[in-house]
Amino acid sequence: MTKKPETEVNFDEGQLELPGDRFHDEFRGQIQKDIMHRYIYAERFVEKKIVLDVACGEGYGSSLLGARARSVLGIDIDPATVAHAERRYASDRVRFQVGDIACLPVADASVDIAICFETIEHVADQPGAVAELRRVLKPDGILVISTPNIAVRNGARPEGNPFHTHELTGPEFVSLLERQFPTVRFLVQHNIHGSVILPGAASSGADAHLAKALGGHSVSSGDAMAVRSYIAIATGADDIKPVTSLYDDSQELEHEREEFRDAVATMHAYAEDLKRERAKTVALEAELRSVTKAGAGDEQPLRTLTVANEILKIQVEHLRAKLKSLGVQDLRDLR
């Protein structure tokens with residue numbers, strides 16, 4: 001049994017501040033699609049099964065699997081993360097516990113399906129971690145595991161990921177698993193408008209083709225796809241047949257387009273308000289100069305115009321600030 005870290009946990013019921021290289025279900029963007037797709041892909045293996053989700057994070061994926069599984073135990077090394085997951089996602093079929101992949105708090109040969117996504121690259125003793133996963137699986141149990149393709153993920157991060165202990169190539173990943181599992185099926189995950197999971201051989205060479213719209217009528221065409229993550233299905237059984245899987249986010253894309261259209265309309269409305277306020281300011285300044293030049297004995301009109309002019313300047317600056325918050329630095333950007 002892994003000893004719990006001696007850490008006092010205090011947090012609100014609100015959003016969890018996750019430490020390190022972690023995911024929260026409220027995150028958006030490609031990483032959210034990638035992680036969601038991996039859990040959705042794993043769903044096909046867990047029907048009425050005993051499932052272990054290693055490095056479960058904040059618990060959303062464990063909860064998703066719990067809809068079909070007989071039971072799900074989510075394990076994570078961070079006590080605050082586990083407490084949050086237990087509070088938010090625990091049910092009669094889903095529970096969470098503090099634990100370490102190096103010494104899982106689970107009995108030998110007691111698990112049907114083990115899930116281990118984007119975790120092995122964080123571990124110093126990777127052969128030991130895979131052996132531990134094999135220990136808890138039944139003889140014909142299945143491990144669904146993934147690790148990032150660093151060549152793609154770290155393209156804009158040449159210094160690498162500081163949370164990764166050892167990063168694996170595709171062949172290294174397969175070789176690591178084959179030490180413990182007689183059957184390993186290698187897959188890869190690509191990005192489209194969503195995500196696609198394919199057999200590894202279908203990602204390059206004669207078995208692959210990718211056509212990509214570049215805008216307008218321009219299209220690129222090639223035989224290789226940019227692999228974001230390597231995925232493997234490993235088992236003690238004689239064979240297993242992974243399937244191709246597509247995660248379609250076209251509805252989310254349309255929602256994003258609608259939000260963009262609303263933002264543009266808001267920016268145009270602010271811009272029109274700004275133009276009107278500017279025009280009022282110019283007219284008041286002209287009237288102010290006229291009154292001053294005439295040298296009228298009565299100072300009241302002069303005071304009134306001065307105050308009105310200052311108010312308009314404040315309003316103009318307020319509108320400028322609103323436009324700047326929407327990313328507009330110059331009204332000409334809206335033409």
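Tutor: Start with E118, which forms a salt bridge with R38; their closest N and O atoms are 4.0 Å apart. A salt bridge here is a side-chain nitrogen of Lys or Arg within 4 Å of a carboxyl oxygen of Asp or Glu.

Student: Where do E118 and R38 sit in the chain?

Tutor: E118 is in the loop between β4 and α4, and R38 is in helix α1 (residues 30-42), so-called distant parts of the chain, 80 residues apart. Helices (H or I, at least four residues) and strands (E, at least two) are DSSP runs, numbered from the N terminus.

Student: Is E118 buried or exposed?

Tutor: E118 counts as buried, because its relative accessibility is 16%. R38 is buried as well, at 3%. Buried means under 20% relative accessible area, exposed over 50%, and partly exposed in between (1.4 Å probe, protein chains only).

Student: Before going on, what kind of model is this?

Tutor: This is a predicted model: local features need pLDDT of at least 70, side-chain atom pairs count only at pLDDT 80 or more, and totals for chains, interfaces and linings use all residues. Residues are numbered from 1 along each chain as its sequence is written, and side-chain values use heavy atoms, with hydrogens and water left out.

Student: What is the mean pLDDT?

Tutor: The mean pLDDT of the protein is 76, and 64% of its residues reach 70 or more. pLDDT is the predictor's confidence in each residue, from 0 to 100. Over residues 1-15 the pLDDT is below 50, although this stretch has 24 contacts in the model beyond near neighbours in sequence. A contact means heavy atoms within 4.5 Å. Where pLDDT is low, the predicted coordinates should not be read in detail.

Student: Back to the salt bridges. How many are there?

Tutor: The count comes to five. One of them is between R88 and E58, with the closest N and O atoms 4.0 Å apart. R88 lies in helix α3 (residues 79-89) and E58 in the loop between β1 and α2 (60-66), so the pair ties together parts 30 residues apart in sequence. E58 is buried at 2% relative accessibility, whereas R88 is partly exposed at 37%.

Student: Which residue does R135 form a salt bridge with?

Tutor: R135 pairs with D108, the closest N and O atoms being 2.4 Å apart. R135 is in helix α4 and D108 in the loop between β3 (94-98) and β4, 27 residues apart. D108 is exposed at 52% relative accessibility, and R135 is partly exposed at 26%. D108, E132 and R135 are linked in a network of salt bridges.

Student: Which residues of α4 are buried?

Tutor: In α4 (residues 126-136), the buried residues are Q126, A129, V130, E132, L133, R134 and V136. Their cover includes β1 (50-54), β4 (111-117), β5 (137-148) and α6 (170-178).

Student: How do β4 and β5 pair?

Tutor: β4 and β5 run in the parallel sense, over six bridges. Two strands pair if DSSP finds at least two bridges between them. In β5, L137 is the bridge partner of V111. β5 is mostly covered, with nine of its twelve residues buried.

Student: And the protein as a whole?

Tutor: The secondary structure comes to eight helices and eleven strands. Buried residues make up 41% of the 335 residues.
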